[in-house]
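The sequence and structure come first.

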Amino acid sequence: MGDDSGPTGDGSGSECDRGGPRGDSGYGALLRDARRLLPRITAVRREIHRAPELGTTLPRTQQTVLRELSGLPLTVTTGDRLTSVTATLTGARPGRTLLLRADMDALPQTEETGLDFASRTPGVMHACGHDTHTAMLLGAARLLAARRERLAGRVVFMFQPAEEICGGAQPMIEEGVLETPDGGTVDAAFALHITTRHPSGTVHLRPGPQSAAADMLVITVHGRGAHAAAPQRGLDPVPVACEIVQALQTMVTRTVSVFEPAVLTVTRVTAGTATNIIPDTAEIAGTFRTLSDATRKKVRDGVVRVADGVAAAHGLTADVELPDVTPVVANDPGFTDLVTRAATELLGAGRVRLLPHPIMAAEDFAFVLERVPGAMAFLGACPPGQTAGQAPDNHSSRVVHDEQALAAGAAVHGAVALACLSSV
């Protein structure tokens with residue numbers, strides 16, 4: 001998230017935000033070039049899709065990225081703690097620095113799309129479209145390298161592992177992805193996320209909170225084991241755990257305003273080893289999502305209060321762990337306006353739309369936006385013959401993205417960079 005001195009959309013923001021699209025920006029040529037690149041972008045996407053990798057270690061994907069970047073006028077480095085790639089394009093004139101980001105990791109699930117380029121790795125699948133993100137950013141690197149003479153400043157291409165476990169952005173930041181060789185920092189940042197919720201080739205975003213903060217919850221209820229036929233001799237944690245699950249739902253609906261969104265979902269309850277044994281413990285695990293620091297704190301405090309209180313009412317105890325996952329994705333208003341204008345000039349009126357409300361999914365690009373003003377946008381990629389919002393979407397084993405949208409995505413990256421850094 002940007003601080004109070006960041007872009008506001010009223011002319012007081014960064015130079016990046018005051019740049020904006022121009023009549024001579026050449027966006028028509030940019031989109032035509034992206035469409036000519038589409039076969040290569042698609043081929044790279046399919047190569048990555050066939051060989052998905054998990055977490056922080058993505059050696060095959062990293063090598064694909066390095067191969068595609070070779071020969072371009074870029075300074076390329078790789079990560080020490082994870083298989084990240086950072087590539088920097090320096091424009092013909094000094095200026096600001098814009099970061100463009102793509103995530104590269106897959107999900108631990110079995111693909112059921114039936115595609116001829118489906119995953120060949122059992123139990124692993126690119127179900128969130130990170131293969132498309134990587135391919136589009138590689139395409140954007142080619143488009144912008146060909147336009148280097150028009151750039152005043154630098155473009156940093158951030159290829160990030162471990163977004164699905166929200167463990168990749170922070171190490172890349174710690175290793176210097178937001179720092180510039182002259183001792184400065186990146187001035188603005190942009191990312192695209194593909195989805196079948198919207199028509200193919202359309203762009204969707206909103207100023208302010210766009211995606212939720214995510215927290216985990218793990219509650220261990222401690223009782224005392226006994227024979228199932230004599231529950232009075234023990235302290236049964238199972239019904240207490242069930243009561244805590246129900247009380248958590250009531251806590252959210254009765255303590256958090258309906259105008260301050262919060263979603264709490266218990267996804268796992270684990271207890272016991274046999275049908276005739278009351279276990280010593282029961283474990284509850286899940287997640288909660290919020291859109292503000294105040295609501296986040298209220299829910300965190302409420303989880304502890306409910307778990308401790310319900311357990312104590314039955315003579316048991318509860319240990320509560322609330323690991324942070326990722327903060328809110330908060331789009332800077334001024335930079336959101338720049339993206340909207342650039343994408344509209346590129347794609348045409350009606351192809352760029354304001355999201356009516358945030359979504360409660362999380363994204364660790366939030367760690368970048370905490371430090372740098374910028375924005376994330378969604379790229380529609382509903383397949384032909386299917387209805388946007390009804391087709392299988394990200395994290396489904398059957399999700400299929402329309403590859404025709406990848407040209408628009410690569411060109412949007414390019415248009416945002418030209419709008420931010422154009423020197424002519």
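## The largest cavity

Leu37, Arg40, Ile41, Val44, Glu68, Ala135, Leu138, Gly139 and Arg142 line the largest cavity; on a 1 Å grid over the protein atoms alone, a cavity is a set of points where a 1.4 Å probe fits but cannot get out, and lining residues have an atom within 4 Å of a point. Helix H2 (27–50) and helix H4 (130–145) are the elements that give two or more residues to this lining, where helices (H or I, at least four residues) and strands (E, at least two) are DSSP runs, numbered from the N terminus. By class, the lining of the largest cavity divides into 5 nonpolar, 1 polar and 3 charged residues; Ala, Val, Leu, Ile, Met, Phe, Trp, Tyr, Cys and Pro count as nonpolar, Asp, Glu, Lys and Arg as charged, and the others, Gly among them, as polar.

The space in the largest cavity is about 50 Å³, a volume being the space filled by probe spheres set on the grid points, which are joined across faces, edges and corners. The structure holds 2 cavities of 30 Å³ or more.

## Basis of the values

This is a predicted model, in which local features need pLDDT of at least 70 and side-chain atom pairs count only at pLDDT 80 or more, while totals for chains, interfaces and linings use all residues. Residues are numbered from 1 along each chain as its sequence is written, and side-chain values use heavy atoms, with hydrogens and water left out.

## The largest pocket

The largest pocket contains about 620 Å³ of space; a pocket is an open set of points with protein on both sides within 12 Å along at least five of seven lines. Its lining comprises 31 residues, of which Glu164, Arg289, Ala361, Ala362 and His395 lie nearest the centre. By class, this lining has 15 nonpolar, 8 polar and 8 charged residues.

At least two lining residues of the largest pocket come from each of strand S5 (188–195), strand S8 (213–222), strand S10 (262–271), strand S12 (281–290) and strand S17 (374–380). S8 provides the largest share, 5 residues.

## The second largest pocket and Thr88

About 340 Å³ of space lies in the second largest pocket, and of the 20 residues that line it, Thr77, Thr86, Thr88, Gly176 and Val177 are the closest to its centre. Strand S1 (74–78), strand S2 (85–90) and strand S4 (152–160) each supply at least two residues of the lining, with S2 giving the most, 4 residues. The lining of the second largest pocket has 5 nonpolar, 11 polar and 4 charged residues.

Thr88 lies in strand S2 and counts as buried at 17% relative accessibility, where buried means under 20% relative accessible area, exposed over 50% and partly exposed in between (1.4 Å probe, protein chains only). Not counting residues up to four places away in sequence, Thr88 touches Pro73, Leu74, Thr75, Arg154, Val155 and Val156, contact meaning heavy atoms within 4.5 Å.

## The protein as a whole

The protein has 10 helices and 17 strands. Its radius of gyration is 24 Å, close to the 22 Å that the globule rule gives for 424 residues, so the protein is as compact as a globular protein of that length; the radius is taken over C-alpha atoms, and the rule is 2.2 Å times the number of residues to the power 0.38. Along its principal axes, the C-alpha trace spans about 80 × 50 × 45 Å.

Buried residues make up 56% of the 424 residues. Of the contacts with a separation of 6 or more, 81% are between residues 24 or more positions apart.
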